[in-house]
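Here is a short report on one structure. The headings follow its parts in turn.

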Amino acid sequence: MKIEEVLECLQQWVEENHSHTMLGETAKYIPALAEQDKNQLGICIMDFDGDTYKAGDTEVTFTLQSISKIISFIALCHFKGLDFVLDKVDVEPTGESFNSIIPFEIHRPGKPFNPLINAGAITVSSMLPGDTVDEKYERFIAFVEGMIGHRLHLDEDVYQSEWKTAHRNRALAYYLKESNLLDLDVEEALDIYIRQCSICIGLEDLAKIGLVIAHDGYDPITERQIFSNDVARIAKVLMVTCGMYNSSGKFAAHVGIPAKSGVSGGIIAAVPPKWHSDEKAFRKGCGIAVFGPAIDANGNSTAGTMLLRQISTEWDFSIF
Ligand code: DON
């Protein structure tokens, strides 16, 4: 497909899916996120050569929130090995909301079900290399820098807002501490977790991370293997089975791309190469970033999900 045709399609599909922003609300439980403009919808696709295709609200920045969980999982596996990580956190969907306490109560004692629910993500963040929260955060942000080529920064307002209202996450962290799953103090574990959630990112950078995941940890632009094939494979399994929480089944059925959402309204998606039909776009794979801060009850962008559904259907992106 020609560049103009790709851009025309994206433009049209953003317009067609825009009304889905009406079906969601901004995340209300984190005051700084509640203030986001729920009418926004933007997308960026980065192809194998690093060229980008954008439509809608493309200059937005937003906080990573739960999208950071797949990155911290990858980073920890890269630094400490898959076996070490999978010994502490499982790879099973929960069927409960991302911040539920129920799995702890029902399956005591036990490790968190997966690294994409809050309990699993707090556990993962707490194990990042480094003796202090500052050192752990530095390793995380440097790992991200290795993928996008420059340093991201914390959104201090979101961080403060989340820190002050993290009552449920604090409760989860106390459960983890009781189960001997946290080496850090509760407040330190929460601090590193909330810092990574509060990192501010734009669509192009997020699409780049998606591109690297889609290519099994290989960055086709700088031609470097950033993390191993094995780590990328498990990351993609987690994205498919747990990345969209309790909509993961429907998302796999109707979109079929490894993806991870965040309550700020961002979604990262990793489209692996698909060689067998070359009349469609992006056969060498791509990374996709979508932003639409109106989210549904499961915490996924309403318009972002529908936009991805249309793109995947039209261009046959499903891995299934
Ligand atoms: O811990 C929280 O609740 C938020 N920092 C992140 C939750 C989130 O993004 C869930 N995703 N849809």
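## Domains and their contact

The chain falls into domain 1 (3-64 + 199-315) and domain 2 (67-197). Their centres, taken over C-alpha atoms, are separated by 22 Å. Domain 1 puts 35 residues into the contact, and domain 2 puts in 31 residues.

On the side of domain 1 that touches domain 2, five elements each supply at least two residues: helix H2 (31-34), strand S5 (199-202), helix H11 (203-214), helix H12 (229-242) and strand S9 (266-271). H12 gives the largest share of this side, nine residues. By class, the side of domain 1 that touches domain 2 holds 22 nonpolar, eight polar and five charged residues.

## Confidence

This is a predicted model. The average pLDDT of the chain is 95, and 98% of the residues score at least 70. The model has an ipTM of 0.97 and a pTM of 0.97.

## Ligand shell

Where does the ligand lie relative to domain 1 and domain 2? Both domains give residues to the shell around the ligand, so the ligand lies between them.

The shell consists of Gln65, Ser66, Phe98, Asn99, Asn118, Glu162, Asn169, Cys197, Ser261, Gly262, Val263 and Gly299. By class, the shell residues are three nonpolar, eight polar and one charged.

## Helix H3

Helix H3 covers residues 67-80. At 1.5 Å a residue, its 14 residues should span 20 Å. The end C-alpha atoms of H3 are 21 Å apart, which agrees.

Of the 14 residues of H3, 11 are buried, so the helix is largely enclosed by the rest of the structure. The buried residues are Ile67, Ser68, Lys69, Ile70, Ile71, Ser72, Phe73, Ile74, Ala75, Leu76 and Cys77. Gly81 follows H3 and has a positive phi, near 95°.

## Glu96

Glu96 sits in the loop between helix H4 (82-86) and helix H5 (102-106). How many other C-beta atoms lie within 10 Å of Glu96? There are 16. A buried residue needs 20 or more and an exposed one has 12 or fewer, so Glu96 is partly exposed.

Setting aside neighbours within four places in sequence, Glu96 is in contact with Ile102 and Pro103.

Key:
Residues numbered from 1 in each chain as written. Predicted model: local features only at pLDDT ≥ 70, side-chain atom pairs only at ≥ 80, totals over all residues. Near = placed C-beta within 6 Å. Nonpolar A, V, L, I, M, F, W, Y, C, P; charged D, E, K, R; others polar. Domains from an automatic or database assignment. Contact = placed C-beta atoms within 7 Å. Helix = DSSP H or I, 4+ residues; strand = E, 2+ residues; numbered from the N terminus. pLDDT = per-residue confidence, 0-100. Expected span 1.5 Å × (residues − 1).
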